[in-house]
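Biologist: Please walk me through this model one feature at a time. I would like the general idea and then the actual case.

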Amino acid sequence: MRAGGLRFYGHKDSALYTAGGPLRYVPKSAQAEVVQQVIFRIDGATFPVEFTYIPWEQTWVAHNVLSSRFLEAFASGTSLAIVVQGRGAVTEFRLNGTRKARETMSTVCRN
């Protein structure tokens, strides 16, 4: 994984993989990673993100997303939506307790 990554494990639906089409399952046996451009939206603030789906791990990896601006929004936000152009939000997460996570990440990154 490249620096500044964020991983979403066990994401069995493939909404991001099939942006613009019906949802379908991507089997763990698939051999190729799939790259999808998405937007992370935190309470109105938007962050363009390159998302890579690793089918054999059922994992989405967001690259180069952990900027100061993103971490500030993440720490103070109430929800994180993953948005696919032309489809709207495909999933949303509540951000309870994220300020403490941001403080921990900042401390670790400084050391």
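Biologist: Is Phe 51 buried or exposed?

Modeller: Phe 51 is buried, because its relative accessible area is 0%; the cut-offs are under 20% for buried, over 50% for exposed and partly exposed in between, using a 1.4 Å probe and protein chains only. Keep in mind that this is a predicted model, where local features need pLDDT of at least 70, side-chain atom pairs count only at pLDDT 80 or more, and totals for chains, interfaces and linings use all residues. Residues are numbered from 1 along each chain as its sequence is written, and side-chain values use heavy atoms, leaving out hydrogens and water.

Biologist: Which residue forms a stacked aromatic pair with Phe 51?

Modeller: Ring pairs are judged by distance and angle: rings of Phe, Tyr and Trp (its six-membered ring) pair if their centres lie within 6.5 Å, and planes under 30 degrees apart are stacked, over 60 edge-to-face and the rest tilted. That rule gives six aromatic pairs. One of them joins Phe 51 to Trp 60, stacked at 5.1 Å centre to centre with 25° between the planes. Trp 60 also counts as buried, because its relative accessibility is 0%. Both rings belong to one aromatic cluster, together with Phe 40, Phe 47, Tyr 53, Phe 70 and Phe 74.

Biologist: How many residues does the largest nonpolar core have?

Modeller: In soluble globular proteins, nonpolar side chains tend to be buried together. A nonpolar core here is a set of buried Ala, Val, Leu, Ile, Met, Phe, Trp, Tyr and Cys residues joined through side-chain atoms within 4.5 Å. The largest has 20 residues, and Phe 51 is among those with the most contacts inside it, along with Phe 8, Val 38, Phe 40, Ile 42, Val 49 and Phe 70. Strands 2, 3, 4 and 5 and helix 1 each give two or more residues to this core. Across the protein chain, 39% of the 111 residues count as buried.

Biologist: What pattern does the protein chain follow along the sequence?

Modeller: The pattern is β-β-β-β-α-β-β-α, made of two helices and six strands. Helices (H or I, at least four residues) and strands (E, at least two) are DSSP runs numbered from the N terminus.

Biologist: In what order do the strands of the open sheet lie?

Modeller: Strands of a sheet pair through backbone hydrogen bonds, either parallel or antiparallel. Here two strands pair if DSSP finds at least two bridges between them. The open sheet has six strands in the order 1-4-3-2-5-6, with antiparallel pairing. Strand 1 (6–8) and strand 6 (88–94) are the edges, each pairing on one side only. From one strand to the next, the twist averages 30°. Strand 3 (residues 45–54) meets strand 4 (residues 59–63) through five bridges, with Glu 50 opposite His 63.

Biologist: And strand 5: which of its residues lie on each side?

Modeller: In a regular strand the side chains alternate between the two faces of the sheet. For strand 5, Ser 79, Ala 81 and Val 83 are on one side and Leu 80, Ile 82 and Val 84 on the other, all of them buried. Ala 81 shows both pairings: its partners are Arg 41 and Glu 92. Strands 5 and 6 form a hairpin with three residues between them, and Gly 86 in the turn has a positive phi of about 85°.

Biologist: Which side chain does the side chain of Ser 79 make a polar contact with?

Modeller: The partner is Glu 92, at 3.0 Å. A polar contact is a pair of N or O atoms within 3.5 Å; within protein, one must be able to donate a hydrogen and the other to accept it, and residues adjacent in sequence count only if both atoms are side-chain atoms. Ser 79 counts as buried because its relative accessible area is 15%.

Biologist: Is Thr 78 buried or exposed?

Modeller: Thr 78 is exposed, because its relative accessible area is 53%. Thr 78 sits in the loop between helix 1 and strand 5. Apart from residues up to four places away in sequence, Thr 78 touches Asp 43, Phe 93, Arg 94 and Leu 95, where contact means heavy atoms within 4.5 Å.

Note on methods: Axes are lines fitted to C-alpha atoms, for helices over the stretch in contact, and angles run from 0 to 180 degrees between N-to-C directions.
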